[in-house]
Structures are given as C-alpha cells and as structure tokens.
Amino acid sequence: MTNSSLCFENSATVFINSLCQQKQLSGVKIYNLSVGEPKLAVHQILISSAIEAMQQAKTFYPPVAGYPELRSIATEWINSRYGCNFTSKNCLVVNGGKFGIYLLLQNLLRKGDEVLILSPYWVSYPAITKLFGGIPIIVETNENENWKVNPAVLAQACTAKAKVLILNNGNNPTSTLYSKTELKNILMIAKKHNLTVLSDEVYSGLTYDSQEYVSCGSFLEYQNNVIVIQSCSKNFSMTGWRIGFVFANETMIKQLSALVSQSTSGVTTISQSVAVAAFKHADEINGWVRNAMQKRRDITLALLNRHFDVQFKPPLSSLYFFIALKDLGVEIKSRHFCSMALEEANVALVPGDAFGKDHYIRLSFGTVEQDLEQGITALVKHLNTHGRV
Ligand code: PLP
C-alpha cells in the first residue's frame, strides 16, 4: 500500500472540491449539487438540547463506548423501527458512521484479506480497506439491473481469502434500495462463504414513496455474520455533529471500544446529548428531513425530465441521481464533464469515476431548492449553448 494509491481513491472528489473553493473565494456563486448531506436549518430540538447539555456541564470525558442513555435509546430505535434484536451492549457510539467503518476494518482485516465491494461504491470503502492492508475486490453491478448485485456474480467473487462484504443499502451513489428477499439471498451467500457483512445503513431513514427499509440486522438467523453501521448524519440532518453507531456482537464492541480508547477517547459529549434528544423525537425529525428530501427529489426529477430526452427514474432512497452522461446527450469522461460544468456553468457535481464508474455523474438533491432549480437550469443552458456531444 502506498500513499499515492490512497490519494488516487479520493482524487475526483478532492479535485471538484478544490475547484469549487477556488471559485467561491473569488466571489462566484456555485450551485453545489455535489454535497452528500440534507441541507436544512438546524432543528429547534437540536439547538435546545445542545444549550441544555452545556448548561448541565456535559463537557467532560464521556464513557469510551458512549453515554449509556444514548446507547440504549439508539438500540431501542433500531429494534423498534427495523425489527432488530440488539441490546445496548451491542451498540458503540462513534464519531460518525465513517469512523465506525474505519474501526471495523482496522479490527477485522489482516494483510491480504479480501473485501468484497459492490460497484459503484462509496469512495471510502476501497480507500479504508487498503489502509488496513486489505484487498478491495470490486463486484460490478449495472444500471439495467437497477445497480443490484447479481447473486451468481457475488458468489463467484467469494474466494477463500474473502473476509468481508460491504453492503450499502440505501446506496450512495446509486440510491438503490434492496428488498427483503434480495437481502436474504445476499446474506445466505455471505454465510455460506463465512463472510462478515458490514451493512452500511446510514440512509435507512431516507426512503421515498413509502418504500420499506429492511435492515440486515433484522435477519436474526444471520445475526452473527452481520454488523450494522448507523448514523444520525443523514436521517436527522446532523452531519456536522459526527454521531454514528456500530451494532455488532459484544466481543466486537469491546474490541472496537479498546481502539476508541486509544484514539479519540469517545465522542463529543454535546453531540451525544443532542443525539439522545434526536432519538426521543426520531419520527418527527426524520419525517421532517425525509419529506423535505422527497420534495427536492421530485423537483429535481421534474426538471431533468423536462429538459432531457429520457425519462429518469425517481431514486427510491438516499440523496442521489446517478446519471449516465449519454442520457444528458454527452459523450465525454465524467471528470471532464464535471470540471466543465463547474468552470463554465458554476455547477458542482461528482464524477462517476470517484465511485468506480466513469461516464456517469452523481447529482445530489440534498441542497436547497433554489440551488437545485438554478443549478440544473444553468447546466441545461450551458449544454444547449455549447452543444451536447
Ligand atoms: N456511508 C455512506 C454510504 C455515506 O454516504 C456516508 C457519508 O456520506 C457515510 C457512510 C458516513 O456518514 P457519517 O460519517 O457522516 O455518519
């Protein structure tokens, strides 16, 4: 593993971000459709609970595994909402879901272990895998199959060295949502090959059109093979508070706690108190975020369908349209398209090659409605003026 290989994993997003920053510094308004977060005002419940936590002097070192109250209420939430069967000893509070994934791969991987990653993938999976000596095995999916993994293709990728399967249901970047039967088939294959399934469920509360979300943690017969990653970031619009969770067996939680004790010493106390309040009002806050995101998705869908010749499918979950450039009438590399969109139309998008799929772009509908409308209009105007091919 070299540093350059890690940089390479991140380069497309870093590239777009730095171009964005340069333009903003020179006073240009950027329509940022690249952000992976639901941009909403801070919910009043979160503000009040943060102030209260400070007034109550919740400002000293926390228990390493998290406040017992938070572990307990997060566990009640996942059990009651998704039919899981965890106890609070199965729950570790971490600094965002990403750090949960980091700790898990740090703990699970030995040099040369293979990690099965479905492509298109969230950028951090291969990078963190390599960081801990693992070998990312990329399992391709395709748009014609709604970006869902073909069980036969998955089974074929399970070699003797394969140790972990990372599954991101409620997907970034494709917004794919798996059904109960599809998940069961995947878990069966994983168990047969003795894989640990790291189920990244951070978008579980962002499903649209009343679609059901099924947690891999709800299959009690596969409980020993599954570790669930959860987070307050997307479900409660709390990205900056950095609160995530690992749900796993008690032994694993103890091992990860030891890693936390030698690294971050636990999660910021104010954030933990705010997260407790968020879970006390989980349906209200998540419903507010979900409804706002469904509205933004619909606005984006209507704009895309109006301006382009194809009928786009509504994403059923998360925050993203993953769009083939050919559907926009363009046949260039995704990175080239994104730098052109930013430089010439002031629209920030993420190139598909960041997710392992060139000739696609990721458009986030998490941002404010005005930016979505003006950004897409600016992009269309640019394409119409300069030709689409
Ligand atoms: N997993 C996926 C698929 C994501 O898209 C993200 C954030 O963008 C995360 C995990 C990490 O979220 P956080 O660390 O904010 O909980």
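The legends below describe close-up views of a predicted model. Residues are numbered from 1 along each chain as its sequence is written, and side-chain values use heavy atoms, with hydrogens and water left out. Local features need pLDDT of at least 70 and side-chain atom pairs count only at pLDDT 80 or more, while totals for chains, interfaces and linings use all residues.

View 1. Ser34 lies in the loop between strand S1 (31-32) and helix H2 (44-55); helices (H or I, at least four residues) and strands (E, at least two) are DSSP runs, numbered from the N terminus. Ser34 counts as buried because its relative accessibility is 10%, where buried means under 20% relative accessible area (1.4 Å probe, protein chains only). The side chains of Ser34 and Asn32 make a polar contact (2.6 Å). A polar contact is a pair of N or O atoms within 3.5 Å; within protein, one must be able to donate a hydrogen and the other to accept it, and residues adjacent in sequence count only if both atoms are side-chain atoms.

**View 2. The largest nonpolar core.** A nonpolar core is a set of buried Ala, Val, Leu, Ile, Met, Phe, Trp, Tyr and Cys residues joined through side-chain atoms within 4.5 Å. The largest has 137 residues, of which Phe245, Val246, Phe337 and Leu349 touch the most other members. Helix H10 (residues 282-307) gives the most to this core, with nine residues.

**View 3. The largest pocket.** On a 1 Å grid over the protein atoms alone, a pocket is an open set of points with protein on both sides within 12 Å along at least five of seven lines, a cavity is a set of points where a 1.4 Å probe fits but cannot get out, and lining residues have an atom within 4 Å of a point. The largest pocket holds about 860 Å³ of space. Among its 37 lining residues, Lys98, Trp122, Val123, Ser124 and Lys234 are the closest to the centre. The largest share of this lining, six residues, comes from H1.

**View 4. The second largest pocket.** About 500 Å³ of space lies in this pocket. Of its 22 lining residues, Glu143, Asn146, Trp147, Thr174 and Lys313 lie nearest the centre.

**View 5. The largest cavity.** This cavity contains about 120 Å³ of space. Its lining comprises 16 residues, with Leu118, Ser119, Pro120, Asn168 and Asn171 nearest the centre. Strand S3 (114-119) and strand S5 (162-168) each supply at least two lining residues, and the largest share, three residues, comes from S5.

Conventions. Buried < 20%, exposed > 50% of the residue type's maximum accessible area, 1.4 Å probe, protein only. Points joined across faces, edges and corners; volume = space filled by probe spheres on them.
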